[in-house]
Every structure is written in C-alpha cells, then in structure tokens.
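Work through the exercises below with the structure in view. Try each task before reading its solution.

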Amino acid sequence: MLVKETTIFLQSCLLGAVLGFCYDGLRIFRIAIKCHSFVIAIQDILYCVLAAILTFSFVLAYHHGALRVYILAGELLGAVVYFFTISIVLLKISKFIIWLIKKILYILLFPFIWIIRLFKKLFMKLFKGIWKKMKGGFTQIRTCKRKD
C-alpha cells in the first residue's frame, strides 16, 4: 500500500512540474507579446481550469476519485521545485531568444519601416494643407449670407 501511495505522490510531483511548464508557456507568451490585463486575466482563468481538469483526471484515474492531501502536496512540491530550477533557466533562454528574434526582425524590416515613416510624413503634410484649405472653405460657406 505504501508503494502505491509513494508512486502516486511522485506522479503528482511530475504533474505539478508539467503544470508549471504549461504556466511558463503563458509567461513566455506574455514576454513575447504584450497583453492587456484583461487578456492576462482570461489566460490565468483558462490555465486554472486546465489545471483543475488535469488534477481531477489524475485523481480519478490513479486514486479512483478520492482526493488525498499528499496528491495536492505532491503537485505543489513539483511545481515549486520546477519554478526554482528549470523555470529560471528556461525563462532566461526564452527572453534571450525573443530579444534576438525581435532584433533580427527589426534589422530585416528597417527599410520598410523607414519607407512607411517617410510616406506618413509626406501624407501628413499633404493632408494638413488640404485640411486647412477645406476648413477655410467651410468657414467661408458658413459666414456667407444669402441675399434675398
């Protein structure tokens, strides 16, 4: 009996590490793409639902639906060990890769960005002059008095 419980505890530790890895996926996504706080809240809610479903499925499959404290403690321990070991290295590597990709994309897209900015300045000057002329014309139309 003790061997079965120890096995389930170690498997729940592994499940906790897997859930930690899944959450790191969200963290890496948030580093790569800046999200609004509402989107982050939705992501966290979906993660919690996923974690609850996986925990429930694990308990149902390996312990016939009987929730034991050592299963939850194993998940917590697995997640904590993961976050203080592998997660630190994974996030540093991910931040570097994301930074490198952004720099490469900036270098590759710089000519297009420069051209877009140039056209934007030209169009702004052109439309600013047109807008002034249109605004002046509208002012003259409004101030004109009808002669009857």
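Helices (H or I, at least four residues) and strands (E, at least two) are DSSP runs, numbered from the N terminus. The model is predicted: local features need pLDDT of at least 70, side-chain atom pairs count only at pLDDT 80 or more, and totals for chains, interfaces and linings use all residues. Residues are numbered from 1 along each chain as its sequence is written, and side-chain values use heavy atoms, with hydrogens and water left out.

**Exercise 1.** State which elements the chain has and in what order they run from the N terminus.

Step 1. The chain holds 4 helices and 0 strands.
Step 2. Read from the N terminus, the order is α-α-α-α.

**Exercise 2.** Find what share of the residues of the chain counts as buried.

Step 1. Buried means under 20% relative accessible area, exposed over 50%, and partly exposed in between (1.4 Å probe, protein chains only).
Step 2. The chain has 148 residues, and 18% of them count as buried.

**Exercise 3.** Place Tyr-47 in the chain and describe its surroundings.

Step 1. Tyr-47 belongs to helix α2, which covers residues 37–63.
Step 2. Its relative accessibility is 17%, so Tyr-47 counts as buried.
Step 3. Contact means heavy atoms within 4.5 Å. Leaving aside neighbours within four places in sequence, Tyr-47 is in contact with Leu-19, Gly-20, Cys-22, Tyr-23 and Leu-26.
Step 4. Take Tyr-23 from that list: Tyr-23 and Tyr-47 are 24 residues apart along the chain, and their C-alpha atoms are separated by 7.3 Å.
Step 5. Leu-19 is also on the list; the side chain of Tyr-47 reaches the backbone oxygen of Leu-19 at 2.8 Å.

**Exercise 4.** Is Ser-87 buried or exposed, and which residues does Ser-87 touch?

Step 1. Ser-87 lies in helix α4, residues 86–143.
Step 2. Ser-87 is buried, because its relative accessible area is 1%.
Step 3. Not counting residues up to four places away in sequence, Ser-87 touches Asp-24, Arg-27 and Tyr-82.

**Exercise 5.** Classify the ring pair of Tyr-82 and Phe-83.

Step 1. Rings of Phe, Tyr and Trp (its six-membered ring) pair if their centres lie within 6.5 Å; planes under 30 degrees apart count as stacked, over 60 as edge-to-face and the rest as tilted.
Step 2. By this rule there are 7 aromatic pairs.
Step 3. Tyr-82 and Phe-83 are 5.6 Å apart centre to centre, with 65° between the planes, and the pair is edge-to-face.
Step 4. Tyr-82 counts as buried at 5% relative accessibility, whereas Phe-83 is partly exposed at 27%.
Step 5. Ring pairs link Tyr-82 and Phe-83 with Phe-21 into a cluster.

Notes. A polar contact is a pair of N or O atoms within 3.5 Å; within protein, one must be able to donate a hydrogen and the other to accept it, and residues adjacent in sequence count only if both atoms are side-chain atoms.
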